[in-house]
Amino acid sequence: MRTKTLSILILLINTAIIGAKAQDFSSLKPQKPVALYGSIGAGLNFYSSNQQYKTQDPFAWNIYGNLTPSLYGIALPFSFVITQYSKSYTSPFTQFGISPSYKWIRLHLGYRNISFSPFTFDGQSFLGAGIELTPGKFYLGAFYGRLNKAINEDTAFNRNIQPQYGRKGYGVKLGYGSSNENISFQFFHAQDDTASIKRYHDSLTTILPMENTVIGSSWHFMFFKRLTLTGDLAISLLNRDMYYQRIDSIGYVKVPSLVQSINPINYSSTVSYSGQAQLVLVLNSFNASAGYRRIAPDFLSLGVPYMLNDVEMISASAAASLFKGKLSLNAAANSQHNNLEHMLSSSLQTRTGNFGLNAFLSQHANLNISITGVNVFQKDGLLHLTDSVKMNQVMWNAALSPVFTFSNSYHQQTISISANYTDLNDKNPATTAQASTQSFSSSASYALFFSQAYWGINGSLVYTQYKQQNNVYRSAGLNAGASVQMLKQHNLMTQASAGYFVNSSANGTVANNTTFSFNSSYSLQKHSFGFYLSYILTPPVNLNPLNVVNHIPIAVNSKNLSGGLTYACRL
């Protein structure tokens, strides 16, 4: 079966190469023989602080590039990043890919990615060959290549490197339809190479070689030009440990020879499923959707990195546009939980809801309002949990932000106000005192820019309050700044700002903050240069350590200076 699959893939690739050659030779004259597009750049950064624990290195540099060479119209994109910490290339020598196409034929060579479905193969790159054919309403996609590079355990213990087996895989996707209505079927298989790494230490026993086969289907149908139904379904056969003994039957049922030829069954094998569906209604000024998603506890596809299983979710949303688009309303809610097979000691449930409003009050005024609620709680599973052990938290967040703008041919003014309140209520009697918090933040800012003089000023007032247990931390401050565009072409831009914040805490004396920032940039037709500088000063205060331990204010008696230079060139 595997040999036949690879033979078909090689045959399809040969067909695509013939098409690609036809494209190349037929378009040599109108295309440039060699061309180069993209950008390169570099940066220098420095940081100085008198704090005991530094958050940045004192000096850093980087060189990067995003280049696209073109040979007779065929683009060969690659990128690279080099820093003083490490070197990571995405170039022809390490990670290079090309996808030439001709009419309905697209060939993939090198490091490439083809998306099948969210449950079979998605978000995983391969090093190998692939092809996509789209004649008319038909679709055929196939690939074969390396999914994971073999990484041996670091026997010198110099670095914390997670070892992994080398992994190869292949897949095929068949589909029919248009962008509005289509259906497809997918097949994916991956297998680790047990001889690809050396096992030196006992810690490596947790890294097991796996083999996986996934069969799936996806669909997208439209009804009455208003109603859309989409969905995905997949079944996975997974061998969690290829070293386990192979079995030919399960009870009195013999394993089919076709299954054994593709993915041999052993004592670590599991069969599981996943699926999701969504129904969407779209009207002129209203739309709504309802969705369902279920991923069984043992479901896993080696072609989908970072998949979360053992979860069931129900979601719904609605949005409306009223008064000729001047008022927009939207709302959404979802509920999800784990422990689908009731095999865990407890289950965790999350319920989320949000409401949003955007109103264009006039040509000068705009208003945004949002409210969000989240409830996270545990329920009994195999064990009975008391109230002092269960997680049970409710969080509410409300935000309000009106914006006013006024402009003419001489200047532009912007006034913005924002207020944000968050309440976290921990209903567990053992942890409520430590975990329950309330926070409030608000700001009012004003900006004035003179369009013809190319300079402007801005200022803002900021207030923040955070409450936890008996401690209340408050901060109020002012920021002021100015900007100007200089030279004849106005391509030298400079900005500067300064701020002062008064801080207070109910459980101790805290220091105030003084901030300064400066940045400048200069750009030519293809080149740009930049410079920035930032300084934050928190002067020392006489503190009683017994009063401030475990409380919020931690940045006291500190001086932090940071800056940098940047350069970029467009080719």
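**Entry 1: A568.** I looked up A568 and found this residue partly exposed, with a relative accessible area of 24% (buried is under 20%, exposed over 50%, partly exposed in between, using a 1.4 Å probe and protein chains only). I worked from a predicted model, in which local features need pLDDT of at least 70, side-chain atom pairs count only at pLDDT 80 or more, and totals for chains, interfaces and linings use all residues. Residues are numbered from 1 along each chain as its sequence is written, and side-chain values use heavy atoms, with hydrogens and water left out.

I placed A568 in strand β31, residues 558–570 (strands are DSSP runs of E, at least two residues, numbered from the N terminus). Its C-alpha atom is separated by 5.3 Å from that of S528, 40 residues apart along the chain. Leaving aside neighbours within four places in sequence, I listed I40, G41, Y64, K526, H527 and S528 as contacts of A568 (heavy atoms within 4.5 Å).

**Entry 2: S236.** I next turned to S236, in strand β14, residues 227–239. S236 counts as buried because its relative accessibility is 2%. I noted that a polar atom of the S236 side chain lies 2.7 Å from the backbone oxygen of L300. Beyond four places in sequence, S236 is in contact with N212, T213, V214, T270, V271, S272, F299 and L300.

Definitions and conventions: Helix = DSSP H or I, 4+ residues; strand = E, 2+ residues; numbered from the N terminus. Polar contact = N/O pair within 3.5 Å; in protein donor to acceptor, adjacent residues only side chain to side chain.
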